[in-house]
Amino acid sequence: ATEPQMVLFNIFDDWLKTISSYTAFSRLILILRGLHVNVDKVKIILRPDSSVVTEPHHVWPTLTDEQWIKVEVALKDLILADYGKKNNVNV
């Protein structure tokens, strides 16, 4: 392959089909902040079992809306626990 090829990824995957752009952006920020806090825990949160797959040309695992809500809550808890530990605050 000597000619350049363009590969296009949408960082929101197919999220905007079912949720608002604000919610999609908030979800992305939670994921990225969680990765900043603890990469290994976020990988476990995003893939709780082996049945979770990532579709071709997607960046994030393919989850239902209910599964995404659970992931968002777990990421929020992870981020708040890290903040509390670093700043000696009970959360």
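**Note on the pocket and helix packing**

1. The model is a predicted one.

2. That largest pocket has a volume of about 180 Å³. Its lining comprises 14 residues, and D14, W15, T62, L63 and W68 are the closest to the pocket centre.

3. Helix α1 (residues 21–37) packs on helix α3 (residues 65–87) at an angle of about 45°, and the two axes lie 9 Å apart. The pair therefore counts as oblique. The crossing of α1 and α3 is left-handed.

4. Who makes the α1–α3 contact? On the α1 side, R27, L30, I31, R33, G34 and V37; on the α3 side, W68, E72, L75, K76, L78, I79 and D82. By class, this contact has seven nonpolar residues, one polar and five charged.

5. Helix α2 (residues 39–46) also packs against α3. Here the angle is about 160° and the axes are 10 Å apart. Angles over 145 degrees count as roughly antiparallel, so α2 is roughly antiparallel to α3. The crossing of α2 and α3 is right-handed.

6. In the α2–α3 contact, α2 supplies K41, V42, I45 and L46, while α3 supplies W68, V71, A74, L75 and L78. Eight of these residues are nonpolar, none is polar and one is charged.

7. W68 deserves a look in the viewer. W68 is among the residues closest to the centre of the largest pocket. W68 also belongs to the α3 side of the contact with α1 and of the contact with α2.

Definitions and conventions
Residues numbered from 1 in each chain as written. Predicted model: local features only at pLDDT ≥ 70, side-chain atom pairs only at ≥ 80, totals over all residues. Heavy atoms only, no water. 1 Å grid on protein atoms, 1.4 Å probe; cavity = no way out; pocket = protein on both sides within 12 Å on 5 of 7 lines; lining within 4 Å. Points joined across faces, edges and corners; volume = space filled by probe spheres on them. Axes fitted to C-alpha atoms, helices over the stretch in contact; angles between N-to-C directions. Helix = DSSP H or I, 4+ residues; strand = E, 2+ residues; numbered from the N terminus. Parallel < 35°, antiparallel > 145°, perpendicular 65-115°, else oblique. Left-handed = near helix turned anticlockwise from the far one by under 90°. Contact = heavy atoms within 4.5 Å. Nonpolar A, V, L, I, M, F, W, Y, C, P; charged D, E, K, R; others polar.
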